[in-house]
Amino acid sequence: MPFVRDARRLAVVFGDQLDLESPALAALDKCRDAVFMAEADGETNYVWSSKMRIAVFFAAMRHFAEALRGAGFRVVYDALDVGSTKRSFSDALRACVESLGPEEIIAVHPGEWRVRRGLEELAREMDVPLRLVEDTHFLCSPEDFREWAAGRKSVRMEYFYREMRRRHGVLLKDDGSPVGGDWNYDKENRASFGKGGPGGDLPAPPRFRPDTTTRAVLRLVNGRFADHPGSCDDFNWPVTRKDALAALDAFIRDRLPIFGDFQDAMWTDEPFLYHSLLSAALNLKLLRPMEVIRAAEAAYAEGTAPLNAVEGFIRQILGWREYVRGIYWWKMPEYLKENALGADADLPDFYWTGDTGLACLRAAIGQTLRHGYAHHIQRLMVTGLYALLLGVRPRDVHEWYLAVYVDAVEWVELPNTLGMSQYADGGLMASKPYAATGKYIQRMSNYCADCPKNPAEATGDDACPFTTLYWDFLLRNEKRLRGNQRMSLQLRNLGRLSADRRTAIGKAADRLRGR
Ligand code: FAD
Ligand code: SF4
């Protein structure tokens, strides 16, 4: 452990709290207090984290420790190396508390229920007072969200988002009405690329060449976590505030103008398209949500990006991101156990390898394991959809998403997976399950052109598993979904299937599940 003697107060900084303006740091006396950070095996294998996810977190943490030292803080940074003995975050913190004897531990409210409970238990066990301070990174506190949600019949994101626009004065006219006249331009944001694809005009994302610190982390990950999924060979993520700001500038300039139109589109060998790739930088707290929102708003004001793109982008951050955090802290810890559809199938092994002949899954999982990234529709309507239709246990689906994405932190990942994608909360977040046949994927991508299966077929050798499982999903859940008005068209179509057809689909689905 690096040489820091005595500390009156110890600020614990977790890997997703890398903000020099954090209120926990503001409370410190730089001469008498200290900051504690640690790399821990426990945080890499409580879910079997991918190499890229571990590398992004550790690289950003090491750079942040350097920034803290540069700003005059005394830092205890407990680093792993390839051969050091295994330990948990609690073990590392316990050793630090024993050696420095602080009178108080201070931390920003952790982003995971599990981590908060662990910290509280450790402080109790060591008899050191713990002060948790509010996470000022976010624009809506858990208490504010609870108050907003209390007594509402429906807690849909759209109402929350309008409230947040008003509260923070975003994309509003002087009279408080929305700029452009509408709150939401989503219907303009669903174009596909058509046969020609995105063409050669796609702007390349900026390059972030690994420096000495990041290269040391990549060696550590390849040595110590060699059996973890995926690869970190193509590391290209911003892991400092300076690089995160450069990533933001590049997005606003190069990709935001087209972001809206093709927000839902997918294309083979084009993992990033017009997306911002800012989620990891935001979730590590290298970027602040309001600075990202204001940058997009300024692009609209200056006429460099259209309203459908700017509103669509801002809705993701001011709306969805804050909303899912509100849901998480409102519903945890019970939320983790939700399984409204009684799903009990295993997650297919190919989720960990990408080794499948199904072109859409191969593309989405392949780029996930290579880059730690897939965009929203790939997560929701390819990997998430397949797990939903197959009936995989939501907890297992959740653990996969938490393990493989560079932006995965439980407060944001869990509601997206359990609530939005798997409908496991029974409709708290989504008004109906995101269930679709392979034809949706065919419409929004070119994947089916490169696949031996046919999205129009539900049975037979060419049957697309999405299409088979879609009908099987409706058959299995018909009773549960019957009262949902928004499912009435889908269930009416189901009603038209003959008894023979239903039997054939059920058998084909069983074969897929058994495979
Ligand atoms: P863009 O498409 O450029 O969107 C801009 C920003 O909006 C993102 O950077 C992100 O901060 C925010 N955002 C967009 N959609 C959402 C959303 N649904 N919820 C919260 N924030 C959103 N996002 C995570 O940050 N971490 C996760 O672990 C995560 N897990 C997901 C799991 C599933 C099953 C699904 C369906 C979605 C998940 N998302 C998660 C949301 C979304 O897919 C990612 O935020 C997005 O793909 C990140 O890529 P980007 O930065 O290029 O986003
Ligand atoms: Fe995916 Fe089905 Fe299309 Fe193949 S045919 S790419 S499995 S949707």
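Is Glu 163 buried, exposed or partly exposed? Glu 163 is partly exposed, at 30% relative accessibility (buried is under 20% relative accessible area, exposed over 50%, partly exposed in between; 1.4 Å probe, protein chains only). The model is predicted: local features need pLDDT of at least 70, side-chain atom pairs pLDDT 80 or more, while totals for chains, interfaces and linings use all residues. Residues are numbered from 1 along each chain as written, ligands from 1 in written order, and side-chain values use heavy atoms, without hydrogens and water.

**View 1. Arg 166 and Glu 163 form a salt bridge.** The closest N and O atoms are 4.0 Å apart (a salt bridge is a side-chain nitrogen of Lys or Arg within 4 Å of a carboxyl oxygen of Asp or Glu). The two residues are three apart in helix H7 (residues 157-168), so about one helical turn separates them (helices are DSSP runs of H or I, at least four residues, numbered from the N terminus). Arg 166 is partly exposed, at 45%.

**View 2. Asp 234 meets Arg 370 in a salt bridge.** The N to O distance is 2.6 Å. Asp 234 lies in the loop between helices H8 (212-224) and H9 (241-259), and Arg 370 in helix H13 (residues 359-371), so the pair ties together parts 136 residues apart in sequence. Asp 234 is partly exposed, at 32%. Arg 370 is too, at 45%.

**View 3. Asp 450 and Arg 362 form a salt bridge.** Here N to O is 3.8 Å. Arg 362 is partly exposed, with a relative accessible area of 33%.

**View 4. Salt bridges link four residues in a network.** The members are Asp 186, Arg 190, Glu 311 and Arg 315.
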